[in-house]
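Please take me through this model in the viewer, one selection at a time. Say what to pick next and what is found there.

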Amino acid sequence: MQERRLSKIARLIQKELAEMFRLETQQMRGVIVSVTNVRPTSDMSLCRVYLSIFPTDRTEAIMEHLNTHAATVRYGLGQRLKNQLRTIPELQFYVDDSLDYIEHIDKLLGK
């Protein structure tokens, strides 16, 4: 029962963060930020958010900006989810480099 609830909350947070990032990156031409995975802790105090950023050369700057402004992102998320969640978890952002890893493996295999 608890796993299903956490899964629903993770999907909800992922959807809202994706929409927030889409609206923010419209102002920055040529940048795409995708929320690939959201993993909340069992007590909902922390949420690990995995992001895929294109182009990859801007990844470090965007991640630094997000991590310094995580409280602002959390506040915006709270405004969107205030009627659906009692508490909004702290957010930690990580780079999801699985696509880069797959591309690297493909190069090694000669595909």
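Leaving aside its neighbours within four places in sequence, which residues is Thr41 in contact with? The model is a predicted one. Select Thr41 in the loop between E1 and E2, then display Leu6, Leu46 and Arg48: these are its contacts once neighbours within four places in sequence are left out.

Next, select Met44, in the loop between strand E1 (32-40) and E2. Its phi is positive, about 60 degrees, although Met44 is not a glycine. As background, most residues other than glycine have a negative phi. Is Met44 buried or exposed? Met44 counts as buried because its relative accessible area is 8%, and buried means under 20%.

Follow strand E2 (46-54) towards helix H2 (59-68) and stop at Pro55, in the loop between the two. Show the backbone here: the peptide bond that joins Phe54 and Pro55 is cis, with omega about 0 degrees. In general, most peptide bonds are trans.

Last, go to helix H4, residues 98-109, and select Ile102 within the helix. Why is Ile102 described as partly exposed? The relative accessible area of Ile102 is 46%, so this residue falls between the buried limit of under 20% and the exposed limit of over 50%.

Technical notes
Residues are numbered from 1 along each chain as its sequence is written. This is a predicted model: local features need pLDDT of at least 70, side-chain atom pairs count only at pLDDT 80 or more; totals for chains, interfaces and linings use all residues. Side-chain values use heavy atoms; hydrogens and water are left out. Helices (H or I, at least four residues) and strands (E, at least two) are DSSP runs, numbered from the N terminus. Buried means under 20% relative accessible area, exposed over 50%, partly exposed in between (1.4 Å probe, protein chains only). Contact means heavy atoms within 4.5 Å.
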